[in-house]
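Colleague: I'm new to this one and would like a close look at a single part of it. Could you walk me through that part slowly, and then show me what sits around it?

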Amino acid sequence: MTLPVTPSQTVGPFFGHALPYPRDWELVPEGRPGAITLTGRVLDGAGEPVPDALLELWLGRTGERGVLTRDGEGVSGFGRCATDPEGRYRFRTARPDGPYLSLQIFARGLLRSVLTRVYLEDRPDPLLDGLDPVRRATLVASGKEDTYEFDVRLQGEGETVFLDF
Amino acid sequence: MPHPPYLSPGYRSTVLRAPSQPPVAFKADPDAIELSSPVFGHQEVGSLDADLTRQHEGEPIGERIIVTGRVLDSGGRPVRGTLVEVWQANAAGRYAHAGDQHPAPLDPNFTGAGRCLTDDEGRYRFVTIKPGAYPWRNHPNAWRPAHIHFSVFGTAFTQRLVTQMYFPGDPLMPFDPIMQSIPDEAARRRLVSSYAHDVTEPEWALGYTFDVVLGRTPVES
């Protein structure tokens with residue numbers, strides 16, 4: 001049996017009273033050794049900030065901290081962050097077990113979410129190695145020590161590589 | 001493909017936000033983290049979170065309704081224990097959101113946000129009030145049909161779905177560029193809930209059903 005899939009619709013502009021939750025962007029508590037900050041901006045095809053996007057970060061395992069409650073001391077594998085008026089987001093997270101984190105973006109004007117990967121360094125990789133150098137660079141965060149910068153360009157020059165599995 | 005194309009110019013906001021390049025098809029290795037999704041604990045979701053009519057001192061204004069259904073994978077198997085989040089406008093068509101400038105009254109007894117985990121049959125259930133239609137500025141005389149936003153997780157991050165549920169018989173559906181961005185009529189119909197008399201509770205609330213079918217995970221395909 002194969003059931004037809006439910007179509008996607010935009011998250012719209014008015015999710016702010018529903019989807020964000022306290023400390024949603026903090027996958028690890030403040031001051032945890034080894035924590036990193038991942039930050040950046042979401043930009044549209046004119047290079048303008050997208051101030052009403054919602055980003056979700058996934059590390060690949062649920063962890064022990066609680067996804068919605070954030071009451072444990074350890075790591076949560078999931079975080080959520082709505083962009084600010086400048087289109088900026090940030091997460092405080094643990095480093096992933098592998099080379100990348102999974103990032104999903106929702107926004108007004110996006111009829112379906114887009115899914116991408118944030119690589120913390122450029123390295124040989126089955127996905128990266130299949131991309132031309134310009135596109136490859138869109139998946140690699142810049143940064144040093146414990147702060148990484150990763151912009152999401154939805155459209156046009158420098159458009160981020162989005163994935164279809 | 002049941003989903004709308006990213007670029008649907010009738011919905012103006014897509015013009016500068018739709019990716020211009022198709023997504024890169026990638027055969028995930030079995031260790032790809034996108035093949036998993038967060039697992040939620042029952043202690044993380046409050047027992048009243050699924051009743052949007054009991055989140056304040058008084059009762060919200062509007063037509064009380066029950067919305068229930070199942071979250072299934074494309075093989076028809078229930079997706080158990082997954083998080084379903086909903087949000088909506090109040091009965092007057094106004095969101096409890098600072099950005100909503102529609103001159104319709106706010107309801108102090110209605111926030112319009114709820115969540116629950118699906119049970120062992122993949123079933124969710126919300127009690128709420130029927131949302132109102134509202135105007136928006138996409139084009140002259142643009143109105144959104146009444147709808148409830150749904151966010152569903154599934155078992156893989158690739159299955160993550162955000163969509164909107166509509167109500168049967170709503171005359172605004174043919175005029176709505178967001179719903180009409182879905183090219184296939186049968187696919188559009190799957191976003192319309194059904195009135196269900198067996199869900200309706202006598203002298204209490206009208207019942208609607210709405211099932212959500214998530215896409216295949218990469219391992220299934």
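Which residues of chain B does the UniProt annotation "domain: Intradiol ring-cleavage dioxygenases" cover?

Modeller: Happy to, and keep in mind from the start that this is a predicted model. According to the UniProt record, an unreviewed entry, the annotation "domain: Intradiol ring-cleavage dioxygenases" covers residues 67-95 of chain B. Over that stretch the chain is 0% helix and 41% strand. Its end C-alpha atoms are 19 Å apart.

Let's start with a strand from this part. Strand β3 of chain B takes in residues 83-88. β3(B) pairs with β4(B) in the antiparallel sense, over five bridges. If you want one pair to look for on your screen, take E85(B): its bridge partner in β4(B) is R115(B).

β3(B) belongs to an open sheet of four strands, in the order β4-β3-β8-β9 (chain B), with antiparallel pairing. β4 (113-117) and β9 (161-166) of chain B each have a single partner strand, so they stand at the edges and one side of each has no neighbour in the sheet. On average, neighbouring strands of this sheet are turned by 20° against each other, direction ignored.

Y134(B) has a relative accessible area of 6%; anything under 20% counts as buried, so Y134(B) is buried. Leaving aside neighbours within four places in sequence, its contacts include A89(B), G93(B) and Y95(B). Also in contact with Y134(B) are H102(B), A142(B), W143(B), R144(B) and H147(B). For a sense of scale, go from Y134(B) to D198(B): the two are 64 residues apart in sequence, and their C-alpha atoms are 29 Å apart in space.

N141(B) sits in the loop between β6 and β7 (142-144) of chain B. With a relative accessible area of 69%, N141(B) is exposed. The phi of N141(B) is near 60°, a positive value in a residue other than glycine. E203(B) also has a positive phi, about 55°, although it is not a glycine. You'll find E203(B) in the loop between β10 (194-195) and β11 (206-209) of chain B. E203(B) counts as exposed too, at 84% relative accessibility.

Step back once more and take in the chain that holds all this. Chain B has one helix and 12 strands, and along the sequence they follow the pattern β-β-β-β-β-β-β-β-β-α-β-β-β. The radius of gyration of chain B is 18 Å, close to the 17 Å that the globule rule gives for 221 residues, so chain B is as compact as a globular protein of that length. Taken along the principal axes, its C-alpha atoms fill a box of roughly 50 × 45 × 30 Å. Of the 221 residues, 55% count as buried. Among contacts in chain B with a separation of 6 or more, 68% come from residues 24 or more positions apart. Chain B exposes about 10,000 Å², and carbon and sulfur atoms supply 55% of that.

Strand β2 (residues 53-63) of chain A runs antiparallel to β3(A), joined by six bridges, and E56(A) has R80(A) as its bridge partner in β3(A). Six of the seven residues of β3(A) are buried, so this strand is largely enclosed by the rest of the structure. Strand β5 (residues 100-107) of chain A pairs with β6(A) over six bridges in the antiparallel sense, and there Y100(A) has Y119(A) as its bridge partner.

Note on methods. Residues are numbered from 1 along each chain as its sequence is written. Chains are lettered from A and ligands numbered from 1 in the order in which they are written. This is a predicted model: local features need pLDDT of at least 70, side-chain atom pairs count only at pLDDT 80 or more; totals for chains, interfaces and linings use all residues. Side-chain values use heavy atoms; hydrogens and water are left out. Two strands pair if DSSP finds at least two bridges between them. Helices (H or I, at least four residues) and strands (E, at least two) are DSSP runs, numbered from the N terminus. The radius of gyration is taken over C-alpha atoms; the globule rule is 2.2 Å times the number of residues to the power 0.38. Buried means under 20% relative accessible area, exposed over 50%, partly exposed in between (1.4 Å probe, protein chains only). Contact means heavy atoms within 4.5 Å. Accessible areas come from the Shrake-Rupley method with a 1.4 Å probe; for residues, only the protein chains shown count as cover. UniProt positions are given in the numbering used here, feature names are shortened, and annotations may be inferred rather than shown by experiment. Axes are lines fitted to C-alpha atoms, for helices over the stretch in contact, and angles run from 0 to 180 degrees between N-to-C directions.
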